[in-house]
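Hello,

Here is the structure I promised to pass on. Could you look it over with the notes below beside you?

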Amino acid sequence: MKRLAKLACAASLLAFGTTAIADPVDDTLILNEEMTLVTRTAAPAHLEGAVDEVMSGWLFRGKETRAMQADDFDNPGMIFVEKAQDAWNAVDGSEGKSCASCHNDSDTMAGVRAVYPKWNEAAGEVRTLEMQINDCRENRMGAEKWKYTKGDMVNMTALLASVSRGMPVNVAIDGPAQSTWEQGKELYYARTGQLELSCANCHEDSYGKMIRADHLSQGQINGFPTYRLKNTKLNAVHARFKGCVRDTRAETYKPGSAEFVALELYVASRGNGLSVEGPSIRN
Amino acid sequence: MASGVKPRVKVPKKAAAGEAITIKTLISHKMESGQRKDDDGNPIPRSIINRFTCDFNGENVVDVVLEAAISTNPYLEFQAIVPEAGEFKFTWYDDDGSVYETTKKIAIE
């Protein structure tokens, strides 16, 4: 009997040990040995009572993965950024225009990623970067729309993220965007699927713990699009949402749907203050 | 002809004489193994980078044979001792006969 008690005690110690392993690390992300990115900062005001500090998913990854993101040469996501740079300069569609025809260098888009999703007055809706890109393609270039989470589109969002790296995420949640934001918040806290899990159950209540063999992060999206080592390609944020919702064993919303746009706005706002990191590297 | 092939190299701009420096190289290439079949069941012909070399001022540093199991966008990292200022020349050889070259200068501090 005594022996059993000892065993139980050892088991609980072990369990305690694994919890600690998943904690975010104390590390600083310095990009290309020149730019320090904010990966940990005080939570925005609207998270009062929920989370004190917001943390980039970078802090929840292993040493090698973190190092890979710290150097553009080692970051496989940058290959796709280069592809998008070619697309940026390539004329497409009936109007004979490229992105560069209107926007000049892609560098001039610095800061754009940081404020999207954003209210569009003319359209009367909150728009993601993808929606804006397709609006440009369709109405200004006369080109075919890109599929929401497919290669060309993700590459272009990676290019736009890469020129905004180091700038703080700062999406507006008041004014005309507020109702969309409220809808996103409701989705974030709504339990879904056979497992009856909300986003918050994992990413607010349980970050820093193990989820089977992996570390649970806060689910911040400041690093999107993300190059995932498991599928060796860039992953769009709506594709990631879909994966998460599917894991709760629910029917998912479609990438680009109004629900995911609202959720993206809300989740982005939870990371207000963190640096734009995309294309980041994750498991 | 493989498309979208683009070599990339990272070499420090300067080094101390006799210092071992780290060189990183990557070439974007699909590295089609020749083992796969397309949707109609026909084999997709092999198309890979089969050799990589690096020379410094005409002297060979590394000469690598690459095989079909090497994945997309082969990345090679190695160290070299730099005795004097000069130029690294990197060469990739494609199955289709194409040769991709790039050079990087290095100064002695």
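A term first: a residue is called buried under 20% relative accessible area, exposed over 50%, and partly exposed in between, with a 1.4 Å probe and protein chains only. At 21% relative accessibility, A:Val112 therefore counts as partly exposed.

Some housekeeping. This is a predicted model, in which local features need pLDDT of at least 70 and side-chain atom pairs count only at pLDDT 80 or more, while totals for chains, interfaces and linings use all residues. Residues are numbered from 1 along each chain as its sequence is written, chains are lettered from A in the order in which they are written, and side-chain values use heavy atoms, with hydrogens and water left out.

On confidence (pLDDT, the predictor's own score for each residue, from 0 to 100), chain A has a mean of 91, and 93% of its residues reach 70 or more. The stretch to treat with care is residues 6-19 of chain A, where pLDDT stays under 50 and the model has three contacts (heavy atoms within 4.5 Å) beyond four places in sequence. Where pLDDT is low, the predicted coordinates should not be read in detail.

Back to A:Val112, which sits in helix H5 of chain A; helices here are DSSP runs of H or I with at least four residues, strands are runs of E with at least two, and both are numbered from the N terminus. Beyond its neighbours within four places in sequence, A:Val112 is in contact with A:Leu129 and A:Ser164. A:Leu160 is 48 residues away from A:Val112 in sequence, yet their C-alpha atoms are 7.3 Å apart. A:Arg113 also lies in H5(A), but counts as buried because its relative accessibility is 12%. Its contacts outside four places in sequence include A:Leu129, A:Leu160, A:Glu264 and A:Val276.

A:Leu129 is also one of the buried residues of helix H6 (residues 129-141) of chain A, as are A:Ile133, A:Cys136 and A:Met141. The buried residues of H6(A) pack against helix H4 (99-103), helix H5 (112-115), strand S5 (118-120), strand S6 (125-127) and helix H7 (151-162) of chain A. Just after H6(A), A:Gly142 takes a positive phi of about 65°.

The loops of chain A hold some backbone details. A cis peptide bond joins A:Tyr116 and A:Pro117, with omega about 0°, and A:Pro117 is in the loop between H5 and S5. Another cis peptide bond joins A:Phe224 and A:Pro225, with omega about -5°. A:Arg249 has a positive phi of about 60° although it is not a glycine, and is exposed, with a relative accessible area of 52%.

What about the interface: how many residues of chain B are in contact with chain A? Nine residues of chain B meet five of chain A. The buried area (accessible area lost on putting the two together, 1.4 Å probe, summed over both) is about 700 Å², of which carbon and sulfur atoms give 53%. In chain B, B:Arg8, B:Lys10 and B:Lys24 lose the most area to chain A, together 56% of what that side buries. Five salt bridges (a side-chain nitrogen of Lys or Arg within 4 Å of a carboxyl oxygen of Asp or Glu) cross this interface. A:Glu82 forms a salt bridge with B:Lys6, the closest N and O atoms being 2.9 Å apart.

Best wishes
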